[in-house]
Amino acid sequence: IRYRQVPDSSEFLHTRAKVRALAPGEPGELVQGFQSNLQQGKYANVDAERYGYALALTRARRYDAARAEIQKLVQRYPQNVSYRIAQAELEMSAGRFSTALGIYESAYKRAPNYYPLQRHYSQALLKGGRSSEAVAIVREAIKQQPEDPALYELWAQAAGAAGRRAESHQAMAEHYYWGGNPTAAIEQLQLATRFAGNNFYLQSSLEARMQAIKEEVALYRGK
């Protein structure tokens, strides 16, 4: 089969720009690199380069310049959720939580099933002190990525901040389970049962999950 060059997709170029913007290095130098490329036309996709430039400016805490850059992209592509996330994260970094959450809320209404948005939005809600709302959003994210340990840890943090201790330990159990530590998962489930009170359904669910993990461990060791 003959080799055929496939052009890089816009999504790939945007992801590559993001990686470059967040790579180890001095933020000011990263900003200069993107700025130079834009001035000299050294890019495969100008929107991707501006996206990376906005992220680098945010990282360098040059918020006014970052706002100007991301606003250009948002105006051109108002339906692009990645640009909205970048816009909201900029405001989170600047300490403008209310503004950021407003951007997230608007974007979430348009794309409630977009996993990256769910994850970022739930993190922002938690930082903004709206932990119960964060729990609801992160649980929706888990439906999209049920094997991601980081999501369960975020769920645990949000539930704990909301005062839902049994749920917090339950979430940490899944964090440890999917992270490959079934022993710690069982310990967290045992802690969860202590805070489940008279909730028969929750107690039954926790005990069933403990039993399933124990049986899985026993089966694995038996091999």
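User: How do you know how much space lies in the largest pocket?

Analyst: Happy to walk through it. In this predicted model, the largest pocket holds about 640 Å³ of space. That value is the space filled by probe spheres set on the grid points.

User: What makes a residue part of the lining of the largest pocket, and which lie nearest its centre?

Analyst: A lining residue has an atom within 4 Å of a point. For the largest pocket 26 residues line the space, and Lys18, Tyr51, Leu55, Ser82 and Ile85 lie nearest its centre.

User: Which helices supply at least two residues each to that lining, and which has the largest share?

Analyst: Helix 1 (10–22), helix 3 (46–59), helix 5 (81–93) and helix 7 (115–127) each supply at least two. The largest share, 7 residues, comes from helix 5.

User: What classes of residue make up the lining of the largest pocket?

Analyst: There are 10 nonpolar, 9 polar and 7 charged residues. Tyr counts as nonpolar, Lys as charged.

User: How much space lies in the second largest pocket, and what lines it?

Analyst: About 390 Å³ of space lies there. Its lining has 16 residues, with Arg139, Trp155, Glu167, Gln170 and Ser205 nearest the centre. Two or more residues come from each of helix 8 (131–144), helix 9 (149–161), helix 10 (165–178) and helix 12 (200–222). Helix 12 gives the most, 5 residues.

User: What makes up the lining of the second largest pocket by class?

Analyst: The lining has 8 nonpolar, 3 polar and 5 charged residues. Arg and Glu count as charged and Trp as nonpolar.

Conventions. Residues numbered from 1 in each chain as written. Predicted model: local features only at pLDDT ≥ 70, side-chain atom pairs only at ≥ 80, totals over all residues. Heavy atoms only, no water. 1 Å grid on protein atoms, 1.4 Å probe; cavity = no way out; pocket = protein on both sides within 12 Å on 5 of 7 lines; lining within 4 Å. Helix = DSSP H or I, 4+ residues; strand = E, 2+ residues; numbered from the N terminus.
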